Amino acid sequence: MVFIVAVVLVAARTRMAAAVVAAGLCFLAYNFFFIEPRFTLFIGARQGVATVFLFLIAALVAGRLASQLRMQVLALRAANAHATALQGLAGN
């Protein structure tokens with residue numbers, strides 16, 4: 001599931017909207033390259049439909065979690081910088 005890793009990396013580096021776009025592109029790429037009949041966006045078997053949509057759901061969930069983690073890290077960095085500045089003021 002290399003595509004889910006790509007979605008998580010995009011979500012960790014950018015915003016959730018970019019992760020959703022990456023998930024959509026990976027969804028289409030997976031369908032195009034790996035689901036029979038190959039090199040079309042048509043899905044021949046019902047099981048292939050379930051596979052592709054479960055992949056999309058997993059990628060969106062993983063992207064959302066990575067995006068939330070990124071936002072928490074940024075908030076913690078801002079809080080740390082604020083606390084450091086306050087400590088600097090208190091020391092003078």
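**View A. Leucine 60 counts as partly exposed, at 31% relative accessibility.** The model shown is predicted, so local features are described where pLDDT is at least 70 and side-chain atom pairs where it is 80 or more, whereas totals for chains, interfaces and linings use all residues. Residues are numbered from 1 along each chain as its sequence is written, and side-chain values use heavy atoms, with hydrogens and water left out. Leucine 60 belongs to helix H3. A contact here means heavy atoms within 4.5 Å. Setting aside neighbours within four places in sequence, leucine 60 is in contact with Met16, Val20 and Ala23. Between leucine 60 and glycine 88 there are 28 residues in sequence and, from C-alpha to C-alpha, 42 Å in space.

**View B. The protein chain as a whole consists of three helices and zero strands.** Helices (H or I, at least four residues) and strands (E, at least two) are DSSP runs, numbered from the N terminus. In sequence order the pattern is α-α-α. The C-alpha trace spans about 70 × 20 × 20 Å along its principal axes. The radius of gyration of the protein chain is 20 Å, while a compact globule of 92 residues would have one near 12 Å. This radius is taken over C-alpha atoms, and the globule rule is 2.2 Å times the number of residues to the power 0.38. Of the 92 residues, 24% count as buried. The accessible surface comes to about 6,500 Å², and carbon and sulfur atoms hold 72% of it. Such areas come from the Shrake-Rupley method with a 1.4 Å probe; for residues, only the protein chains shown count as cover. Among contacts between residues at least 6 apart in sequence, 54% join residues at least 24 apart.

**View C. The largest nonpolar core of the protein chain contains 14 residues.** A nonpolar core is a set of buried Ala, Val, Leu, Ile, Met, Phe, Trp, Tyr and Cys residues joined through side-chain atoms within 4.5 Å. Within this core, Val7, Val52, Phe55 and Ala59 touch the most other members. Helix H1 (2-13), H2 and helix H3 (46-91) each supply at least two residues of this core. Not counting residues up to four places away in sequence, valine 7 touches Ala19, Ala22, Ala23, Cys26, Ala59 and Gly63.

**View D. Serine 67 is a residue of helix H3.** Is serine 67 buried or exposed? With a relative accessibility of 6%, serine 67 counts as buried. Its contacts, not counting residues up to four places away in sequence, are Ala11, Arg15 and Met16.

**View E. Val21, Leu25, Leu28 and Leu41 make a nonpolar surface patch of about 390 Å².** Patches are made of residues with over 30% relative accessible area and no salt bridge; like charges are joined within 9 Å, and nonpolar side chains (Val, Leu, Ile, Met, Phe, Trp, Tyr) within 5 Å. Leucine 25 lies in helix H2, which covers residues 16-34. The relative accessible area of leucine 25 is 56%, so this residue is exposed. Leucine 28 also has its place in helix H2, and at 38% relative accessibility leucine 28 counts as partly exposed. From leucine 28 to methionine 71, 43 residues apart along the chain, the separation of the C-alpha atoms is 28 Å.

**View F. A salt bridge joins the side chains of glutamate 36 and arginine 38 (3.1 Å, N to O).** A salt bridge is a side-chain nitrogen of Lys or Arg within 4 Å of a carboxyl oxygen of Asp or Glu. By this rule the count comes to one salt bridge. Why can such a pair form? Side chains of opposite charge can pair when their charged atoms come close. Glutamate 36 has a relative accessible area of 48% and is therefore partly exposed; arginine 38, with 44%, is partly exposed.

**View G. The peptide bond from glutamate 36 to proline 37 is cis, with omega near -10°.** Proline 37 is placed in the loop between H2 and H3. Phenylalanine 39 lies in the loop between H2 and H3. Phi of phenylalanine 39 is near 65°, a positive value in a residue other than glycine. Phenylalanine 39 has a relative accessible area of 54% and so is exposed.

Conventions
Buried < 20%, exposed > 50% of the residue type's maximum accessible area, 1.4 Å probe, protein only.
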